[in-house]
Amino acid sequence: MFNSSDMRMKPFVILGFPGLSPQYYGPVSALLFFIYITIFLGNLFILVFVITEKSLQKPTYLVFCHLALNDLTFGTVTLPKIISKYWFNDSTISFYGCFAQMFFVHYIGASHSFILMVMGLDRLIAICIPLRYSALITNKLISVLCGSAWFIPVLLMVVAMTLALPLPFCKSNVIAHCYCDLITITNQACGGHVQTVVIITLCNAMFCLLVPLAFILFSYVCIIVAILKMSNAAGRKRTLSTCMPQIFITSLFYLPRCFVYVANGVGLSFSLDIRILVILMYSLLPATVNPIIYCFKTQDIKEMLRKRLKTPIYVYIRQLTGG
């Protein structure tokens, strides 16, 4: 416990999984480290592969690159601290370090949601107005839209930080989570302004989640209607297959979050360990699985991978270097 007068002199303590026995610290840290390496290498591979393959530098794959960068950043922000807790017994994080982690956790999550909205727009135009796709959706437009998806959450998170940072913290310095987020930090604050901060930041979170989700649902309803109107069964199947990667990626991000919100709304309660595990899974699962979806569910990337695997490595290096 600590008083508000010296709150910035005291570090926060990351609790992690409170019910985890010390004998499992090693295996858990090894598992988390494996997940981080998978996220890092998988998303880095997608970035490098799309950047170096000129034939893949199209609007859809540029969106994939932004998502891969987003997933790579999220894993790097959240996992090293909890790994060090269980591997090196280092569970402390400085006051301002905790706020910095909180900023990036929510910022990256919000930008991910807006990038998925850009992906939905890309598929909407591609399926519903295919003849105008090349004219409407260009690399430049996608870069502007994805840039906006990265920029808009900055303003919202600055508001959240400005409101939360001056709060008096007079409760426990224990963060009941695997990383610092807004709820766990404000739970340690006291004073009459805490509820106001919670309401405002919740409105920000709902805006970042529900506005993109509403557009994505609208876009995929339009896509399904357009597919059902196709008279050719083979064409329907082919068109639907082009949307499957985006559907998988979007579902992995939104469905678990919606489940948690609905469960809270109907009064379904979980133990703290289960709650932390569910949040960790829906936060990290998309970042871990998305590169596999890109590679095995996207025809162009799959074909290019087959081609490169058949090409001798020295020939591929010469092509990359222009030799």
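This is a predicted model: local features need pLDDT of at least 70, side-chain atom pairs count only at pLDDT 80 or more; totals for chains, interfaces and linings use all residues.
Me: Which helices each supply at least two residues of the lining of the largest pocket?

Reply: They are α3, α5 (139-164), α6 (182-186), α7 (194-228), α8 and α9. The names come from DSSP runs numbered from the N terminus: helices are H or I over at least four residues, strands are E over at least two. Residues are numbered from 1 along each chain as its sequence is written, and side-chain values use heavy atoms, with hydrogens and water left out.

Me: What makes a space a pocket, and what makes it a cavity?

Reply: Both are sets of points on a 1 Å grid over the protein atoms alone: in a cavity a 1.4 Å probe fits but cannot get out, whereas a pocket is open, with protein on both sides within 12 Å along at least five of seven lines. A residue belongs to the lining if it has an atom within 4 Å of a point. The largest pocket here has a volume of about 980 Å³, where volume is the space filled by probe spheres set on the points, and points are joined across faces, edges and corners.

Me: Which residues lie nearest the centre of the largest pocket?

Reply: H106, D181, I183, A205 and Y261, out of a lining of 39 residues. The largest share of that lining, eight residues, comes from α7.

Me: How does the lining of the largest pocket split by class?

Reply: There are 25 nonpolar, eleven polar and three charged residues. Nonpolar here covers Ala, Val, Leu, Ile, Met, Phe, Trp, Tyr, Cys and Pro; charged covers Asp, Glu, Lys and Arg; the others, Gly among them, go down as polar.

Me: What is the volume of the second largest pocket?

Reply: About 410 Å³. It is lined by 18 residues, and Y61, T242, T298, Q299 and D300 are the closest to its centre. α2, α8, α9 and α10 (299-310) each put in at least two residues, with α8 giving the most, six. Sorted by class, the lining of the second largest pocket has six nonpolar, six polar and six charged residues.

Me: How many cavities of 30 Å³ or more does a search of the whole structure find?

Reply: Two. The largest cavity has a volume of about 90 Å³. Its lining is made up of N70, D71, F74, I108, G109, H112, F253, R257, Y282, S283, P286 and A287.

Me: Why is α1 called oblique to α9, and not parallel or antiparallel?

Reply: Helix α1 (residues 25-52) and α9 pack at an angle of about 40°, their axes 9 Å apart. That angle makes α1 oblique to α9, because under 35 degrees counts as roughly parallel, over 145 as roughly antiparallel, 65 to 115 as roughly perpendicular, and the rest as oblique. Axes are lines fitted to C-alpha atoms, for helices over the stretch in contact, and angles run from 0 to 180 degrees between N-to-C directions. The crossing of α1 and α9 is left-handed, meaning that the near helix is turned anticlockwise from the far one by less than a right angle (clockwise would be right-handed).

Me: And what about α2 and α3: at what angle do they pack?

Reply: About 160°, with axes 10 Å apart. So α2 is roughly antiparallel to α3. The α2/α3 crossing is left-handed, and their contact has 13 nonpolar, eight polar and four charged residues.

Me: How do you know whether S91 is buried or exposed?

Reply: Its relative accessibility is 15%, so S91 counts as buried; the cut-offs are under 20% for buried, over 50% for exposed and partly exposed in between, using a 1.4 Å probe and protein chains only. S91 lies in the loop between α2 and β2. N89 is in the loop between α2 (59-88) and β2 (92-93), but at 64% N89 counts as exposed.

Me: What stands out about the phi of N89?

Reply: It is near 60°, a positive value in a residue other than glycine. Most residues other than glycine have a negative phi.

Me: Why is L277 called partly exposed?

Reply: Its relative accessible area is 38%, so L277 is partly exposed. L277 lies in helix α9. The C-alpha atoms of L277 and G16 are 9.4 Å apart, although 261 residues separate them along the chain.
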